[in-house]
Amino acid sequence: MIIKGGNIITADGPRPADVIIEGSTITAVSDPDQVPGGEPVVDATGLWVLPGAIDAHTHFGMPLRSGISSLGWRESSEAALLGGTTTIIDFANPAANEPLPEAVTRWRGMADGVILCDYGLHVTVTDVATERLDEIPALVEQGLATFKGFLAYKGRLMLSLVEMKRLMEAVHRAGAMLLVHAEDGEMNAAAEKVLLDTGRTAVSWHPLAHAEESEEKAVAEILDLATTTGCPLTIVHMSLGRSLELLKKARKIQGRDGVLVGEVCLHHLFADSGLYQAGHRASTAAICSPPLRAAGNGTDLLAGLVAGDLDLLSTDHCEFSLAVKTAAAGGGFPSVPNGCGGVGERMVVSHTLAVATGKMDPARWIEACCRRPAELMGLAGRKGQLAAGFDADVVLFDPAASYRWEPLGSSDRAGSLWAGLPVTGRVRDVWLGGRQVVANGMLTLDQPGGKFLPRRL
Ligand SMILES: [Zn+2]
C-alpha cells in the first residue's frame, strides 16, 4: 500500500513524500512518484502524514480505593486511536504486598484482548523491601523498562527520600529508568488537614492542598537524588515554570552523562487554575494532581517544550465521568478521584494552541508527541517515526480543518476540559501495524488489536 500525495513533517517543515507499507511495516518513505504503480493507493493530498503518536503517561481503567474506575481500556483506547495516538504506556499498580511480576500479569490481564491500541506498562513501586526490589531485574529482562515512584500521596503511595534512594539505586542497577511524581506528600497532607479542619472542603480548595512550594521542594529533592545515584529519571507532569528552571539547572550539572527527562501534560500547558472557581462547568472535572496552576506557568512550560528543555508532551489521561466526580465531590474535594482525560485530545488541542498559533513548529510537535517518547521509553527503532523498518502506525492529519471540539469515542462530553473549544486540525485516518483502524474520523476495527510492547532502554 502507498500513502501518496501527502506531506511528511521534517525539520525543514512539511515535505511531499510517499509512504510505502507492506504488511505491518513501513518499507520506505520516498520522494513523490519514485514508486512503481500497481499497489493500492491512499490519496493523502492536502494532508500531513504523521507517525502514530505515543502517549507515555496514561491510566486506562484505573480501579480506585472507592471502587470507582476511570473510563476503561476499551473506551480510552478508542479515544486514543480517534485522536491519532496508536501507542500508550500505562501503569501496573501493585496491591499491598503483591509481588511486582504478579501485578504486571494482573494488569496485562485487564488490557489484553480489550485494548485497541498498542501499549506498554510502567511498574509502580510503593514498597522498597529487598524482596520487591530483587524482582526488578527479571522484569527489565521481560521488557518492563520503566518504574514509577511517588513522593506524594502520604499513607498510600508515598516513599520517603530514603526509600526513594533505595528504589533509584535498584532501578539504576537494573539498567532501567524511574518516573517520579514530584510533590511533597507531607506538605500536601498537612495543607489538606488544615483545610478540612476549617470546613473548607469545596472543590475550589483542591489546589490549596497542593501548594507550588510542595512541587518545587519535591522536584529539587528528586533531582538531587538522581544526581547522587546516577539513576535515569523522568519527572512526570511538571506543572510549574519554577520546576522547569530546577530541571534545567540539574541538567547543566549532570551534563551529557545524565538522563533527566521532563514531561509536561496537555492540561498543564493549556488550562489553568481559573477552572476551579465555583460555578465553572469544568471545576470538578479539572480535579487532578498536581492541580492546574496559575496561567503563566503554562506559558513557561510551553516555551520549555518548544526549546527542548521539556522532552515529552503526554496527558496523564485518567478519565472519569463527570457524574462520578460530581457525586464524589459531595464528600469534599479529597473524595473526588483525581485525573482528567486527554488521550483523545492531545494531538488536535496541542496543534490548535501551539502549532497553528506559530508557537511551536510542526517538527518539534511531532518530536515531543511521537519520536522522543519512543526513544526515551524504550521503543526506539519500532515506534514514533515514519521510516523503513518501523511499525506501520500512520496518521493522516488535516491541518486546516476548523470546528468546535467534541470529545471522541465514548468519552464523557461534560467531563472534558476541551469540549466546545474551537480547534484547528483533524485526525482523518489511522493505521495501526498496517491495519486501518480509523477512516474519515470513524473507528473501523471490530476486534481489539492492541499488543503489549516489551521495551528496552
Ligand atoms: Zn499519572
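Analyst: Between domain 1 and domain 2 the count of salt bridges is 0. This comes from a predicted model. The area buried between domain 1 and domain 2 is about 1,600 Å², and carbon and sulfur atoms give 78% of that area. In terms of residues, 24 from domain 1 are in contact with 19 from domain 2. The C-alpha centres of the two domains lie 31 Å apart.

The division itself is as follows. Domain 1 is made up of residues 2-50, 386-400 and 422-443, while domain 2 covers residues 61-376.

Next comes the sheet. It is open, has 7 strands and shows mixed pairing, in the order β3-β2-β7-β16-β17-β18-β19. Strands β3 (13-16) and β19 (442-443) are at its edges; each has a single partner strand, so one side of each has no neighbour in the sheet. Strands of a sheet are paired through backbone hydrogen bonds, and the pairing can be parallel or antiparallel. Within this sheet, β16 (residues 394-404) and β17 (residues 422-432) are antiparallel, with 8 bridges between them. Tyr403 has Val423 of β17 standing opposite.

Strand β4 pairs with β1 (residues 2-4) in the antiparallel sense over 2 bridges, and Ile3 stands opposite Val19 of β4. Strand β4 is also joined to β5 (residues 25-30), again antiparallel, by 5 bridges. Here Glu22 has Thr25 in β5 as its bridge partner. The two strands β4 and β5 form a hairpin with 2 residues between them. In that turn, Gly23 has a positive phi of about 60°.

To return to the boundary: about 1,600 Å² is buried between domain 1 and domain 2, with 78% of it from carbon and sulfur atoms, and the salt-bridge count there is 0.

Definitions and conventions. Residues are numbered from 1 along each chain as its sequence is written. This is a predicted model: local features need pLDDT of at least 70, side-chain atom pairs count only at pLDDT 80 or more; totals for chains, interfaces and linings use all residues. Side-chain values use heavy atoms; hydrogens and water are left out. Two strands pair if DSSP finds at least two bridges between them. Helices (H or I, at least four residues) and strands (E, at least two) are DSSP runs, numbered from the N terminus. Domain bounds come from an automatic or database domain assignment. Contact means heavy atoms within 4.5 Å. Buried area is the accessible area (1.4 Å probe) that two parts lose on being put together, summed over both. A salt bridge is a side-chain nitrogen of Lys or Arg within 4 Å of a carboxyl oxygen of Asp or Glu.
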